[in-house]
Amino acid sequence: MAGSGPPRQLAFTLPHAESLTRDNFLEGPANAAALALIDAWPEWPSRTMMLVGPEGSGKSHLAAIWAGEAGARSTAAHALGAADVPDALTTGALVVEDLRPREVDERALFHLLNLAREQAAFVLMTGRMSPSAMDVELRDLDSRLRALPTVSLSSPDEQLFRALIVKFCADRQLAIDESVVSYLVSRIERSSAAARRAIELLDGEALRQGRPVTRALAAELLR
């Protein structure tokens, strides 16, 4: 009879809270300069600064730390409109997340930078691309962005990469041993984003199969 085998266990994707506090930030050579900038506030070289780095490199975590210290509001760059600018700066500090060319209202961003300068407000922007490499149509905005002091984050070294894997497992209350960590380090791209995706995959499959996360399971999924 069809379907007479054991029932297939369903895995439900549930949100996993990630702590974005200063104590929970993992420091390494890849992000040391960016962390130093956050810790140096308000003694910044400019009231508007930009963090640049690949996906998952820690930009949002650092921005959240700074927002807590500075009382900053936060907005996604693509969601910023000209009418939003005055309210966005009411606390005197603002995070603008994930700035991407062609996905931002250039006039709104230019208005924001001008108003922030007039009001002596602090602005921290994040993005994956250096402002000097962005294709910006509005010439005045292009000039302003190219002049922004920028701090870069890079891919993690092995020690930090291992720590990130352990952290992502801890965020999910997922127990793994050193053999799993070593296997992942040797098999996946050395980036925070890749580590996060791998842990999500392992956690979901372990739940579905009712198995612990082992090196054997990792090998089945990532071979």
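Predicted model: local features only at pLDDT ≥ 70, side-chain atom pairs only at ≥ 80, totals over all residues.
Trainee: What makes Cys169 count as buried?

Mentor: Its relative accessibility is 1%. Buried means under 20%, so Cys169 is buried. Cys169 lies in helix H6. Leaving out residues up to four places away in sequence, Cys169 touches Leu174, Ile176 and Ile199.

Trainee: Why is Gln173 called exposed?

Mentor: Gln173 has 77% relative accessibility. The cut-off for exposed is over 50%, so Gln173 counts as exposed. Gln173 sits in the loop between H6 and H7. Its phi is near 55°, a positive value in a residue other than glycine.

Trainee: Which class does Asp98 fall into, and why?

Mentor: The relative accessible area of Asp98 is 30%. Buried is under 20% and exposed is over 50%, with partly exposed in between. Asp98 is therefore partly exposed. Asp98 also has a positive phi, near 60°, and is not glycine. Its place is the loop between strand E3 (93–97) and H4.

Trainee: What joins Trp41 and Pro42?

Mentor: A cis peptide bond, with omega about 10°. Pro42 is in the loop between helix H1 (32–40) and strand E1 (48–52).

Trainee: How do you know that the buried residues of H5 line one face?

Mentor: Take the residues to begin with. In H5 (residues 139–146), Leu141, Asp142, Arg144 and Leu145 are buried. Seen down the axis of H5, these buried residues fall within an arc of 165°, so they line one face of the helix. The face turned away from the buried side carries the exposed residues Arg139 and Asp140.

Trainee: What do the buried residues of H5 pack against?

Mentor: Helix H4 (106–119) and strand E4 (122–127).

Trainee: How do you know that Arg144 has no salt bridge?

Mentor: Set the distance against the cut-off. A salt bridge needs a side-chain nitrogen of Lys or Arg within 4 Å of a carboxyl oxygen of Asp or Glu. For Arg144, the nearest side chain of opposite charge is Asp140, 7.4 Å away. Arg144 is buried yet has no salt bridge. Not counting residues up to four places away in sequence, Arg144 touches Phe110, Leu113, Asn114 and Arg117.

Trainee: What makes Arg190 and Glu158 a salt bridge?

Mentor: Their side chains meet at 3.7 Å, N to O. The limit is 4 Å, so the pair qualifies. The pair links distant parts of the chain. Arg190 is in the loop between H7 and H8, Glu158 is in helix H6, and they are 32 residues apart.

Trainee: Are these two partners buried or partly exposed?

Mentor: Arg190 has 35% relative accessibility, so it counts as partly exposed. Glu158 has 37%, so Glu158 counts as partly exposed.

Trainee: Which residues are linked in a network of salt bridges?

Mentor: Glu158, Arg162, Glu178 and Arg190. The structure holds 14 salt bridges.

Trainee: What makes Glu200 and Arg172 a salt bridge?

Mentor: The closest N and O atoms are 3.8 Å apart. That is within 4 Å, so the pair counts. Glu200 is in helix H8 and Arg172 in the loop between H6 and H7, 28 residues apart. Glu200 is partly exposed because its relative accessibility is 37%.

Trainee: How many residues separate Glu205 and Arg208 in helix H8?

Mentor: Three, so about one helical turn separates them. Their side chains meet in a salt bridge at 2.4 Å, N to O.

Trainee: What describes the packing of two helices?

Mentor: The angle between their axes and the distance between the axes. The axes of H6 and H8 come within 9 Å and cross at roughly 35°. The crossing is right-handed. The contact is made by Phe161, Leu164, Ile165, Phe168 and Cys169 of H6 and Ser192, Ala195, Arg196 and Ile199 of H8.

Trainee: Where does H7 pack?

Mentor: In H7 (residues 178–187), Val180, Val181, Tyr183, Leu184 and Val185 are buried. The buried residues of H7 pack against helix H6 (158–171), helix H8 (192–209) and helix H9 (215–222).

Note on methods
Residues numbered from 1 in each chain as written. Heavy atoms only, no water. Buried < 20%, exposed > 50% of the residue type's maximum accessible area, 1.4 Å probe, protein only. Helix = DSSP H or I, 4+ residues; strand = E, 2+ residues; numbered from the N terminus. Arc of directions from axis to C-beta. Contact = heavy atoms within 4.5 Å. Lys, Arg positive; Asp, Glu negative; His and termini not counted. Axes fitted to C-alpha atoms, helices over the stretch in contact; angles between N-to-C directions. Left-handed = near helix turned anticlockwise from the far one by under 90°.
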